[in-house]
Amino acid sequence: MNQLFSSIEAAPLKEDVDIVIPTIRSLDFLEQWRPFLKHYHLIIVQDGDPSINIRVPEGYDYELYNRNDINRILGPRANCISYKDGGCRCFGFMVSKKKYIYTIDDDCFVAKDPSGKEINVIAQHIKNLETPSTPHYFNTLYDPFRDGTDFVRGYPFSLREGVTTAISHGLWLNIPDYDAPTQLVKPRERNIRYVDAVMTIPKGVLYPMCGMNLAFNRELIGPAMYFGLMGEGQPISRYDDMWAGWAAKVVCDHLGFGVKTGLPYVWHSKASNPFVNLKKEHKGLHWQEEMVPFFQNLRLSKESDTAAKCYMELSKMTKEKLTEVDPYFENLADAMVAWIEAWEELNPPVDGKDVKAK
């Protein structure tokens with residue numbers, strides 16, 4: 001096995017990874033994560049009231065931003081960052097300067113595999129991101145770059161090199177990531193199945209991305225990882241990661257990057273209130289029937305050869321196509337433009353260059 005991933009105590013690429021955590025409370029959950037996260041830099045985005053003091057366990061290297069900081073740094077563009085919604089985490093993506101981002105929710109803990117061994121999520125996510133994806137032809141043994149597996153008979157040799165992986169989408173044990181109606185009809189359901197697999201999501205196929213256990217290559221896809229305009233003051237919430245997932249997947253497909261899902265798992269400790277969630281989600285439950293076909297059918301132009309250019313083009317399409325669903329989407333499209341403008345101000349291209357499609 002590659003030495004980079006051979007030890008559960010390893011901190012692979014610690015100089016290239018930022019951990020982004022959105023929160024409204026003290027981060028005592030980090031005590032359990034200490035063996036795996038202690039070597040990494042944390043970017044904590046405090047949601048809600050900035051006067052509340054957030055406690056971070058001693059020994060961690062971190063930056064802490066609250067709403068006052070967001071307003072100060074982004075100025076008139078600060079309104080593009082969601083308030084009282086997990087989507088505030090994308091501010092951490094913007095201010096990071098690292099190649100990779102891992103983002104986790106503060107109600108997620110270290111999970112164990114079936115042998116009882118604690119799972120090093122960072123090591124697995126980095127392995128997913130550092131090995132190719134295969135979006136153009138499905139391998140029935142899932143990820144052919146894992147130890148003990150390979151491409152099966154009949155897999156074209158011309159496609160075996162794969163493409164660069166931009167997103168690694170991890171899963172969760174215990175509390176599933178359900179919407180409010182499913183929570184209400186299955187209040188006691190728990191995910192106890194550990195599926196030992198990583199697979200590439202095929203090109204042209206969307207998926208519901210969950211932000212609670214997620215890693216991505218910020219250099220390749222960062223500008224497309226915008227978690228929307230959600231929460232207080234908006235008619236929708238809890239769709240921030242869905243919007244980012246649909247948009248980023250379309251951009252990945254266009255630019256020739258790959259998306260993986262599966263390992264690693266975290267332990268999701270608590271279920272949110274389904275009645276509160278229903279109030280937050282109810283418009284999204286209707287709008288997703290329009291949003292998903294929108295993303296399935298859109299085609300980006302050849303001129304959009306970076307994630308930022310793709311997202312600017314996507315903002316125009318959002319305004320043109322989705323505003324007829326609800327006026328909210330015009331505001332969202334404007335926020336998408338503000339997001340890219342703020343991103344480029346804080347992250348100017350190095351030597352006038354940006355990461356382009358192959």
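Biologist: How many residues does helix α9 have, and what does it reach from its first C-alpha to its last?

Modeller: Helices here are DSSP runs of H or I with at least four residues, strands are runs of E with at least two, and both are numbered from the N terminus. The expected span of a helix is 1.5 Å times one less than its number of residues. Helix α9, residues 307-322, has 16 residues and reaches 21 Å, close to the 22 Å expected at 1.5 Å a residue.

Biologist: What kind of model is this, and how are its residues numbered?

Modeller: This is a predicted model, in which local features need pLDDT of at least 70 and side-chain atom pairs count only at pLDDT 80 or more, while totals for chains, interfaces and linings use all residues. Residues are numbered from 1 along each chain as its sequence is written, and side-chain values use heavy atoms, with hydrogens and water left out.

Biologist: Which residues of α9 are buried?

Modeller: Start with the term: buried means under 20% relative accessible area, exposed means over 50%, and partly exposed lies in between, using a 1.4 Å probe and protein chains only. An α-helix has 3.6 residues a turn, so residues three or four places apart point the same way. In α9 the buried residues are A307, A308, C310, Y311, E313, L314, S315, M317, T318 and L322.

Biologist: What do the buried residues of α9 pack against?

Modeller: They pack against four helices: α6 (218-221), α7 (240-255), α8 (274-297) and α10 (328-346). A contact means heavy atoms within 4.5 Å.

Biologist: How many helices and strands does the whole chain have?

Modeller: There are 10 helices and 9 strands.

Biologist: Why does the radius of gyration of the chain agree with a compact globule?

Modeller: The radius is taken over C-alpha atoms, and the globule rule is 2.2 Å times the number of residues to the power 0.38. For 358 residues a compact globule would have a radius near 21 Å; the chain has 20 Å, which agrees. The C-alpha trace spans about 50 × 50 × 50 Å along its principal axes. Buried residues make up 54% of the 358 residues.

Biologist: What share of the contacts joins residues 24 or more positions apart?

Modeller: Among contacts with a separation of 6 or more, 74% are between residues 24 or more positions apart.

Biologist: How many positive and negative side chains does the chain have?

Modeller: For this count, Lys and Arg are positive, Asp and Glu are negative, and His and the chain ends are not counted. Each charge is placed at NZ of Lys, CZ of Arg, CG of Asp or CD of Glu. The chain has 41 positive and 48 negative side chains, and the centres of the two sets lie 3 Å apart.

Biologist: Now single residues. Is T23 buried or exposed?

Modeller: T23 counts as buried because its relative accessibility is 3%. T23 is in strand β1, residues 17-23. Leaving aside neighbours within four places in sequence, T23 is in contact with I44, V45, Q46, D47, I54 and D106.

Biologist: Where are Y60 and D61 found?

Modeller: Y60 is in the loop between β2 (41-46) and β3, and D61 lies in strand β3, residues 61-65. Y60 is buried, with a relative accessible area of 8%, whereas D61 is partly exposed at 45%. Not counting residues up to four places away in sequence, Y60 touches L30, W33, R34, L37, K38 and L42. With neighbours within four places left aside, D61 is in contact with Y40, H41 and L42.

Biologist: What about the backbone: which peptide bond is cis from L263?

Modeller: The peptide bond from L263 to P264 is cis, with omega near 10 degrees. P264 is in strand β9, residues 258-268.

Biologist: What is phi of L13, and what is phi of K84?

Modeller: Phi of L13 is near 50 degrees, a positive value in a residue other than glycine. K84 also has a positive phi, near 55 degrees. L13 is in the segment before β1, and K84 lies in the loop between α2 (67-74) and α3 (90-95). L13 is partly exposed at 25% relative accessible area, and K84 is partly exposed at 43%.
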